[in-house]
Structures are given as structure tokens and as C-alpha cells.
Amino acid sequence: MTIEQDIDKLQYNINRAQRAKDVLENEVFIEAFDLISNEVYEQWKTSPSRDAEGREKLHQYHSMLQKVKAHLQTTMDTGKLARIDLDHKKSLLERSKDAMR
């Protein structure tokens with residue numbers, strides 16, 4: 001992989017991180033996520049204990065919701081690390097250019 005390709009990939013991850021952050025901080029997403037999560041939890045809490053299949057499905061729904069949020073957070077974290085790496089690579093490139101002058 002060339003340095004240009006590496007920088008392009010880092011920039012791609014930084015852009016994805018910003019989009020993930022936009023989603024996670026979007027008031028409509030937050031409201032919908034919380035509403036659905038609370039609704040699933042309340043249904044699980046009030047479901048009869050003998051309804052193991054129904055309770056398991058509700059648990060799976062709740063787990064999937066958490067996975068969506070975790071994936072967005074991971075994408076955001078990956079972008080933060082990419083930003084650090086990109087800044088470091090740019091600094092190294094600048095220093096190597098200065099050394100060649």
C-alpha cells in the first residue's frame with residue numbers, strides 16, 4: 001500500500017466516523033433509539049415468565065439495538081484513531097521533506 005493509499009484509507013475512516021457521530025448525536029435517532037429500547041425492555045419486564053420464547057425474542061431485539069449503537073461507536077472510535085494516525089503521517093512527511101531540502 002502506498003502512502004497515498006494509506007492516507008486515503010485514513011481519511012475514509014475519518015469521514016465515516018463523522019457520519020457515525022452525526023447519527024449518534026442526532027436528536028431524532030436518540031429519541032427513536034431510547035423509545036424502542038424502553039418499549040422492548042418494558043414488554044420484557046411485564047411478559048409472563050412462562051413465555052420463554054417471547055422473552056427470548058425481546059432479549060434478542062434489545063441486544064440487536066445495543067449492537068447497532070456499539071457499531072456506530074466503534075466506527076467513531078476508529079475514526080478518532082485514524083485522525084491521530086493521519087496527523088502523525090503528515091508530520092513525518094513534512095519532516096522528511098524538510099530534511100531533504
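Which residues does Ser-37 touch, not counting residues up to four places away in sequence? The contacts of Ser-37 are His-62, Leu-65 and Gln-66, where contact means heavy atoms within 4.5 Å. Ser-37 is found in helix 2, and helices here (H or I, at least four residues) are DSSP runs, numbered from the N terminus. With a relative accessible area of 10%, Ser-37 is buried; the term buried stands for under 20% relative accessible area, exposed for over 50%, and partly exposed for what lies in between (1.4 Å probe, protein chains only).

The structure is a predicted model, in which local features need pLDDT of at least 70 and side-chain atom pairs count only at pLDDT 80 or more, while totals for chains, interfaces and linings use all residues. Residues are numbered from 1 along each chain as its sequence is written, and side-chain values use heavy atoms, with hydrogens and water left out. The predictor's confidence in each residue is given as pLDDT, from 0 to 100. The chain has an average pLDDT of 94, and 100% of the residues score at least 70. Confidence is highest in helix 2 (residues 27-46), at a mean of 96, and lowest in helix 3 (residues 52-100), at 93.

The packing of helix 1 against helix 3 comes next. Two packed helices are described by the angle between their axes and the distance between the axes. For helix 1 and helix 3, the angle is about 145° and the axes are 7 Å apart. The axes are lines fitted to C-alpha atoms, for helices over the stretch in contact, and the angles run from 0 to 180 degrees between N-to-C directions. Helix 1 passes helix 3 in a left-handed crossing, a term for a near helix turned anticlockwise from the far one by less than a right angle. The residues of this contact divide into 13 nonpolar, seven polar and seven charged; Ala, Val, Leu, Ile, Met, Phe, Trp, Tyr, Cys and Pro count as nonpolar, Asp, Glu, Lys and Arg as charged, and the others, Gly among them, as polar.

The largest nonpolar core consists of five residues, namely Ile-7, Leu-10, Ile-14, Ala-82 and Leu-86. Helix 1 (3-24) and helix 3 are the elements that give two or more residues to this core, and helix 1 gives the most, with three residues. Such a core is a set of buried Ala, Val, Leu, Ile, Met, Phe, Trp, Tyr and Cys residues joined through side-chain atoms within 4.5 Å. Leaving aside its neighbours within four places in sequence, Leu-10 is in contact with Ala-82, Asp-85, Leu-86 and Lys-89.

Several residues of helix 3 can be followed one by one. Thr-75 lies in helix 3 and counts as buried because its relative accessibility is 11%. Residues up to four places away in sequence aside, Thr-75 touches Arg-16, Ala-17 and Ala-20. Leu-58, also found in helix 3, counts as buried at 11% relative accessibility. Its contacts, not counting residues up to four places away in sequence, are Val-40, Gln-43 and Trp-44. Ser-96 has its place in helix 3 and counts as partly exposed, at 33% relative accessibility. From C-alpha to C-alpha, Ser-96 and Asp-6 are 17 Å apart in space and 90 residues apart in sequence.

Phe-29 is found in helix 2 and counts as partly exposed, since its relative accessibility is 21%. Leaving aside neighbours within four places in sequence, Phe-29 is in contact with Val-23, Leu-24 and Leu-72. Phe-29 and Lys-90 are 61 residues apart in sequence and 35 Å apart in space, C-alpha to C-alpha. Thr-46 lies in helix 2 and is exposed, with a relative accessible area of 60%. The C-alpha atoms of Thr-46 and Tyr-61 are 16 Å apart in space, for residues 15 apart in sequence.
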